[in-house]
Amino acid sequence: MTEAAAREAQCHCGALRLRCEGEPLKVSLCHCRDCQRRTGSAFSIATFFPRKDVTVTAGTAKRFTRGSASGQDVAFFFCPDCGTNLWWEPARLPALIGVAAGAFADPDFPMPEQAVWCEDQHPWIRLPDGIVRHERNPVRR
């Protein structure tokens with residue numbers, strides 16, 4: 001068995017960088033209004049890695065914490081120079097770190113397997129076949 005390669009994510013200016021070992025555990029597209037505001041786009045694409053597999057390799061991030069629809073806080077980390085929100089730590093998933101998929105700048109990055117908060121989806125967005133849709137967050141089992 002071969003070990004998956006590490007992935008490098010970075011902010012827009014390159015001052016803040018992460019190293020993520022292996023493949024993401026989950027890739028999720030989110031339509032919620034908070035993600036729309038955070039990204040300045042119609043949705044966000046989050047990749048989730050085990051906390052132990054993510055290392056800051058360059059720079060020092062600024063932190064912003066807010067509540068979420070789950071009722072638990074999410075801490076967002078961004079570059080103080082260019083403002084890119086590179087990763088976040090959701091209290092409801094304490095073993096995971098979310099990393100912005102676009103920060104990998106990899107056209108071969110895995111496609112999202114789910115879309116969440118579809119009740120906030122813009123009507124002109126068409127999702128690819130095969131994505132599981134959730135009107136809000138999926139129920140944790």
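**Exercise 1. Determine which element holds S44, and whether S44 is buried or exposed.**

Step 1: S44 belongs to strand β4, which covers residues 44–50; helices (H or I, at least four residues) and strands (E, at least two) are DSSP runs, numbered from the N terminus. The model is a predicted one, in which local features need pLDDT of at least 70 and side-chain atom pairs count only at pLDDT 80 or more, whereas totals for chains, interfaces and linings use all residues. Residues are numbered from 1 along each chain as its sequence is written, and side-chain values use heavy atoms, with hydrogens and water left out.

Step 2: S44 counts as buried because its relative accessibility is 5%, where buried means under 20% relative accessible area, exposed over 50% and partly exposed in between (1.4 Å probe, protein chains only).

Step 3: The side chain of S44 makes a polar contact of 3.2 Å with that of R38; such a contact is a pair of N or O atoms within 3.5 Å, of which, within protein, one must be able to donate a hydrogen and the other to accept it, and residues adjacent in sequence count only if both atoms are side-chain atoms.

Step 4: Once neighbours within four places in sequence are set aside, the contacts of S44 (heavy atoms within 4.5 Å) are S28, L29, C30, C35, R38 and T39.

**Exercise 2. Describe the surroundings of A46.**

Step 1: A46 is also found in strand β4, and A46 counts as buried because its relative accessibility is 7%.

Step 2: Beyond the neighbours within four places in sequence, A46 is in contact with K26, V27, S28, W88 and V99.

Step 3: A46 and Q36, ten residues apart in sequence, are separated by 13 Å in space, C-alpha to C-alpha.

**Exercise 3. Identify the residues that line the second largest pocket and sort them by class.**

Step 1: The lining consists of R38, T39, S41, F43, S44, I45, T84, N85, A100, A101 and G102; a pocket, on a 1 Å grid over the protein atoms alone, is an open set of points where a 1.4 Å probe fits, with protein on both sides within 12 Å along at least five of seven lines, and lining residues have an atom within 4 Å of a point.

Step 2: At least two residues of this lining come from each of α1 and β4.

Step 3: By class, the lining of the second largest pocket has four nonpolar, six polar and one charged residues, with Ala, Val, Leu, Ile, Met, Phe, Trp, Tyr, Cys and Pro taken as nonpolar, Asp, Glu, Lys and Arg as charged, and the others, Gly among them, as polar.

**Exercise 4. Explain why C13 forms no disulfide.**

Step 1: The structure holds zero disulfides, a disulfide being a pair of cysteine sulfur atoms within 2.5 Å.

Step 2: The closest cysteine sulfur to that of C13 is in C11, at 3.7 Å, and is therefore too far for a bond.

Step 3: With a relative accessibility of 43%, C13 counts as partly exposed.
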